[in-house]
Amino acid sequence: MVKTNVNKVKPGELELKEKVVAINRVVKTTKGGRAFSFSALVVVGNESGVVGHGLGKAKEVQEAITKGIEDAKKNLVKVPVRHGTIPHDQWAKDGAAKVLIKPAAQGTGVIAGGSMRAVLESAGLTDVLAKSLGSANPHNVVKATFKALALLREPVTVAKQRNLNLKKVFNG
């Protein structure tokens, strides 16, 4: 079992920004005709290390988005952001979606596709290289990205575990 760095965060005191990643219209055929409903995949974050994702379903689009935001606020995690990037490379998989996230030099920007970009920007990452491999399903890509972010280790923690100076672990 891989140990993750999941630090749950309370949403009460945070100023969170929402991003709608995907809206899906679902049609159920009944004997009375077609019944339409919507599902919304939403990512929320304070753009300084806290991010969460949620799924909302409802008969109306706006109601589905609102439910998604509420769900995302229940699933907030803390991400180690250092100088606008991540401390080390990370690979993760969810379903058939695989993601690779790498730290980048300052000024690079967020180089990532659709749903990964929303998660990384909401987390407050400004310089990161990311590649989505396998499935492009937004739900699985977002979940895989969250797994990758949860697997990231804080540089200070790694230094303590190895009994080393912080500069020797991550070059400053």
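**Exercise 1.** Which residue forms a salt bridge with Lys-19, and how far apart are the closest N and O atoms?

*Solution.* The model is predicted. Step 1: the partner of Lys-19 is Glu-121, with the closest N and O atoms 2.8 Å apart. Lys-19 lies in strand S1 (residues 17-30) and Glu-121 in helix H2 (residues 114-123), so the pair, 102 residues apart, links distant parts of the chain. Step 3: check accessibility. Lys-19 has a relative accessible area of 25% and is partly exposed; Glu-121, at 27%, is also partly exposed.

**Exercise 2.** Which residues are linked with Glu-121 in a network of salt bridges?

*Solution.* Step 1: the side chain of Glu-121 also meets that of Arg-117 in a salt bridge, at 3.1 Å from N to O. Step 2: Glu-121 and Arg-117 are four residues apart in helix H2, which means that about one helical turn separates them. Step 3: Arg-117 is partly exposed, at 31% relative accessibility. Step 4: the network therefore consists of Lys-19, Arg-117 and Glu-121.

**Exercise 3.** Is Asp-94 buried or exposed, and with which residue does Asp-94 form a salt bridge?

*Solution.* Step 1: Asp-94 pairs with Lys-147, the closest N and O atoms being 3.3 Å apart. Step 2: this pair too links distant parts of the chain, with Asp-94 in strand S5 (residues 90-94) and Lys-147 in helix H3 (residues 138-151), 53 residues apart. Step 3: the relative accessibility of Asp-94 is 14%; buried means under 20%, so Asp-94 counts as buried. Lys-147, at 39%, is partly exposed.

**Exercise 4.** How many salt bridges does the count come to?

*Solution.* The count is four salt bridges, among them Asp-94 with Lys-147.

Conventions:
Residues are numbered from 1 along each chain as its sequence is written. This is a predicted model: local features need pLDDT of at least 70, side-chain atom pairs count only at pLDDT 80 or more; totals for chains, interfaces and linings use all residues. Side-chain values use heavy atoms; hydrogens and water are left out. Helices (H or I, at least four residues) and strands (E, at least two) are DSSP runs, numbered from the N terminus. Buried means under 20% relative accessible area, exposed over 50%, partly exposed in between (1.4 Å probe, protein chains only).
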